[in-house]
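Okay, thanks for making time, everyone. I'd like to walk you through some helix packing and then the core behind it. Let me put the model up.

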Amino acid sequence: MKPGELKQIVKTCVKNLSLLFTESGLYPPHHPNVIAQLKQTYAALETVTQQIDPFSLDILEGSFVFEGIPLYELKHVSEKTVQLLESKSIGRIAFQGFGDPEELNAFVQFIVTKTPGDSSPDLQAALKAKGVARIRVEQTDLWATEQERQKLLQPKKIYAGCIEANKLIYNSVRAEQKIPMDIVAKIAKHLISIVKSDFFSCVALTGLRNYDEYKFTHPANVAILSIALAVNVLDNDSLLERFAQAALLHDIGLALIPNTVLNKQGKLTDEEWQMIKQHPLLGVELLERQERVDLLAVVIAAEHQMKHDLSGYPKIGGIIQLHPLSEIVNIASAYDAITSAHAYKQPLLADKALGLMLQMVGCDFDPQYFKIFVQMMGIYPPGGFVRLNTGEIALTKRVYPNALLQPEIKILLDAAGRAIDEPRFANLYEQQGDASPLVIQEMVDPTSLGIDPLEFI
Ligand SMILES: [Fe+2]
C-alpha cells in the first residue's frame, strides 16, 4: 500500500471514530444512529488494523496525531471528540488485534461516561472490566515534560501536517468563501514551536521540493521564514502568534483566482497578470468577512506585494511606508518564490536567489530586515547542497551569522560522486589555521546529482 493510500484510510477511520463518539454522546448505546455509525467505524478500523497493528492515535494540542503528523485537516469533524478525550485526560488510543464491534461500542461508552479529569492509574483495568481488552488508552501525562512533547512535534511531521491543512484552508475558501481560522491558529502555534526549537531543520524543510503544489508549500514556507525573522525583532509572544497566522494567510486571495490562470503552464497574458494582481485585495475582502478578523492579517494581505519603496501593487493612496511586519513577509515570500519552480520559470539556488535579492535591497526590500534575513540564512542556507574545493558534495546543516560563507556541513558524496559510507561532519567556521581548509565553491541542485534531499533532511 502506498503511503498516500494509508493516510487516506487512516483519515476515513478517524472521521468515523469521531462521528461514533459524537453519536454516542447524543444517543443511548443501542440507538439505530449509534449502531449504524458503529458498523462504519468498525469496518474502517478493520481496514486500518489489517495494515498497521497496533494502530495508535495520539491526542495532542487539539488534534488527533497519526505517526507524529497532526491531522489538522480533520479538525471540522474531530474537534469535539478531541476535546472530549482531552477533558478525560486521554493522550493516546491504540487498537490491537482488533475484532469485535461490541468491544468498540463498550470502549466508546466507557470514555463518554468517564468522569472528566479522572486520571486513575488503573484505567486499563477499568476498561478490561467492561470487556475491552484490545483497545488501550494512555493518559495525557504520557508527555510529562516539554521535551517529550517536542519529540512528538517534529519539524518534518508538523510541516507535512501544515501542507495538508493548507489544502483544506484553500479548498474551504474556494468552496465556501470562509477561512477555518481555528486551524490557522493551531498551525501558527506549532510552526512557532518548531522554529524556536529547531530553526535549521525548519529552514531545510522550506527548501524541499518534493511537494508538487507551490500554492500549499508557499504559505508554510513564508510562515516559517517570517517567524524565524520575526523572533529576532519581536519579544511579544501573542503578537508573534498573530503574525504567524497573518503570514500563513498572506496569499489567501489567490484561492479566488481561477485555476486556469493560477496553474497556467506558460507565460501569463497582460489580462491574466491583472487578475493575479488582484489577489492582495481579494485576500483583504476575504479576511474582512471573517468573524474573528485580525487587522494585522488584513494589513499584511494588502501590503505584501507593495515592495519597500511602494513600487509594487496594489496602489493604495495614503500609505507612506509599509508595516514593518509586511516588510518581513515581503522578504520571506520573495525568497520562497524565487527559489521555487513555477510553470514559467526555473528556480534559483539559494545563493543565487540571495545575490539577486541583494540587488533589490532598498527598492523591493527593507535593508535592515534583509540584513537579518541573510544573517539567519547564511549564503548557503541549511538544507542546501554544496560542492567543496575537494570536489566532495555536502549538505549545509547550520549557519553562523558572523561567518556567512563557513557553515557547518555534512559531507555525503566523494569527489567521484559516490556516496560516502559514513558521512562526516565538518565545521568550516572552526578551520582557522588549517593548512588546506575546506571551502565551498558553489551550491548544487541535488536532483542533478541523483540525491533525494528528503533522505538527508
Ligand atoms: Fe502574494
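This is a predicted model: local features need pLDDT of at least 70, side-chain atom pairs count only at pLDDT 80 or more; totals for chains, interfaces and linings use all residues.

Numbering starts from 1 along each chain as its sequence is written.

Helices here are DSSP runs of H or I, at least four residues, numbered from the N terminus. H11 is residues 237-248, and H15 is residues 295-303. Their axes are 9 Å apart, at an angle of about 40 degrees; those axes are lines fitted to C-alpha atoms over the stretch in contact, with angles from 0 to 180 degrees between N-to-C directions. That makes H11 oblique to H15, oblique being whatever is left after under 35 degrees (roughly parallel), over 145 (roughly antiparallel) and 65 to 115 (roughly perpendicular).

Who does the touching? On H11 we have Arg242, Phe243, Gln245 and Ala246, and on H15 Leu296, Ala297 and Ile300. Contact means C-beta atoms, placed from the backbone, within 7 Å. By class, that's five nonpolar, one polar and one charged. For the classes, Ala, Val, Leu, Ile, Met, Phe, Trp, Tyr, Cys and Pro are nonpolar, Asp, Glu, Lys and Arg charged, and the others, Gly among them, polar.

Now H8, residues 181-197, against H11: about 115 degrees, axes 9 Å apart. That makes H8 roughly perpendicular to H11. The H8 side includes Ala188, Leu191 and Ile192, and the H11 side includes Leu240 and Ala244.

Which residues touch the most other members of the largest nonpolar core? Leu191, Ile227 and Ala244, out of 113 residues. A core here is a set of buried Ala, Val, Leu, Ile, Met, Phe, Trp, Tyr and Cys joined through C-beta atoms within 7 Å, and buried means 20 or more other C-beta atoms within 10 Å, with 12 or fewer being exposed and in between partly exposed. Helix H10, residues 214-230, gives the largest share of this core, nine residues. Beyond four places in sequence, Ala244 contacts Ala188, Leu191, Ile192, Ala223 and Ile227.

Terms used. Helices (H or I, at least four residues) and strands (E, at least two) are DSSP runs, numbered from the N terminus. Two residues are in contact if their C-beta atoms, placed from the backbone, lie within 7 Å.
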